[in-house]
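Morning, everyone. Please look at the sequence and the model on the screen, and I will walk you through them.

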Amino acid sequence: MFGALLGGIIGGLGQAKASSDAKKISAANLAYQKEQQGKVWGAVDPYMQAGGRALGRLEDPNAFETSPGYNFRLQQGIDGVTTNRAVNGLLRSGGAMKAVSDYASNSASDEFNRWFGQQQAIAGMGLQGAGIGAGVANANSANSAADATNRANAGFAGANAWGQIAGQVGGAFDRMSSYG
């Protein structure tokens with residue numbers, strides 16, 4: 001009887017300590033996870049912000065006209081066409097006006113396609129940044145949960161072992177006391 005009582009007490013104390021230790025470790029793991037997640041979100045935030053701005057620009061189909069690349073190429077091309085026509089004395093001709101119009105139209109189409117592709121790529125980087133952050137968060141969460149579970153199980157196993165040892169020692173005392 002003494003052995004069972006002693007085993008129960010020691011086992012219960014061991015399990016309470018294991019539970020307390022598991023809670024402390026879980027709290028430490030959670031704090032570490034939050035710290036690491038903050039670092040990851042901090043690293044990918046500029047990409048997500050740039051992606052958000054690119055999405056905003058894609059909502060305005062005329063925004064490409066304000067891009068430095070478009071304005072530079074357009075002006076250079078128009079200057080080339082007008083200089084060529086002026087040298088030949090045809091600057092005010094219908095052909096010169098048509099050449100300028102054709103160049104501007106083709107340039108706008110080409111620049112829009114280039115600009116749109118650039119904005120899509122930047123928006124994609126933002127989406128990838130968000131995916132990286134979410135993936136790390138999920139992995140950290142799963143790792144922390146697995147670690148806490150493993151530590152708790154190890155603590156409970158240790159408590160049970162001590163309880164069994166105490167029960168065996170107490171049983172031996174019970175048997176010895178019956179002899180005498």
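Let me start with a definition. Two aromatic rings of Phe, Tyr or Trp count as a pair if their centres lie within 6.5 Å, and for Trp we take the six-membered ring. Planes under 30 degrees apart are called stacked, planes over 60 edge-to-face, and the rest tilted. Keep that in mind. Phe112, Trp115 and Phe116 form one aromatic cluster. We will come back to it.

One caution before that. This is a predicted model. Mean pLDDT for the chain is 75. Of the residues, 70% reach 70 or more. Where is the confidence lowest among the elements? In helix α2, residues 68-87, with a mean of 70. The highest mean belongs to α1, at 77.

Now the overall layout. We have 3 helices and 0 strands. Along the sequence that reads α-α-α. Helix α1 covers residues 2-58. Helix α3 covers residues 94-178. The chain has 180 residues, and 22% of them are buried.

What about contacts? Take those between residues at least 6 apart in sequence. Of these, 83% join residues at least 24 apart.

First pair: aspartate 45 and alanine 130. They sit 85 residues apart in sequence, yet their C-alpha atoms are 8.0 Å apart. Aspartate 45 belongs to helix α1. Its relative accessibility is 32%, so it counts as partly exposed.

Asparagine 143 is part of helix α3. Is it buried or exposed? Exposed, because its relative accessibility is 53% and the cut-off is over 50%.

Compare glutamine 119, also in helix α3. Its relative accessible area is 6%, so this one is buried. Which residues does glutamine 119 touch, leaving aside neighbours within four places in sequence? Ala54, Arg57 and Leu58.

On to the nonpolar core. The largest one has 5 residues: Ala63, Phe64, Tyr70, Ala108 and Trp115. Look at phenylalanine 64. Set aside residues up to four places away in sequence. Phenylalanine 64 then touches Tyr70, Ala108, Glu111, Phe112 and Trp115. Tyr70, Ala108 and Trp115 are core members. Glu111 and Phe112 also come up in the pairs I turn to now.

Back to the rings, as promised. How many aromatic pairs are there? The count is 2. One of them is phenylalanine 112 with tryptophan 115: the ring centres are 6.2 Å apart and the planes meet at 35°, so this pair is tilted. Both residues sit in helix α3, 3 residues apart, so about one helical turn separates them. Tryptophan 115 is buried, at 4% relative accessibility. Phenylalanine 112 is partly exposed, at 27%.

Last topic, salt bridges. Side chains of opposite charge can pair when their charged atoms come close. This structure holds 2 salt bridges.

Start in helix α1. The side chains of glutamate 35 and lysine 39 form a salt bridge, 3.4 Å from N to O. Why about one helical turn between them? Because the two residues are 4 apart in that helix. Glutamate 35 is partly exposed, with 43% relative accessible area.

Glutamate 111 and arginine 114 join their side chains at 2.7 Å, N to O. They are 3 residues apart in the helix, so again about one turn lies between them. Now check the accessibility. Glutamate 111 is buried, at 3%. Arginine 114 is partly exposed, at 39%. And glutamate 111 is one of the residues that phenylalanine 64 touches.

Take these points away. The model is predicted, with a mean pLDDT of 75. Thanks.

Notes
Residues are numbered from 1 along each chain as its sequence is written. This is a predicted model: local features need pLDDT of at least 70, side-chain atom pairs count only at pLDDT 80 or more; totals for chains, interfaces and linings use all residues. Side-chain values use heavy atoms; hydrogens and water are left out. Buried means under 20% relative accessible area, exposed over 50%, partly exposed in between (1.4 Å probe, protein chains only). Contact means heavy atoms within 4.5 Å. A nonpolar core is a set of buried Ala, Val, Leu, Ile, Met, Phe, Trp, Tyr and Cys residues joined through side-chain atoms within 4.5 Å. A salt bridge is a side-chain nitrogen of Lys or Arg within 4 Å of a carboxyl oxygen of Asp or Glu. pLDDT is the predictor's confidence in each residue, from 0 to 100.
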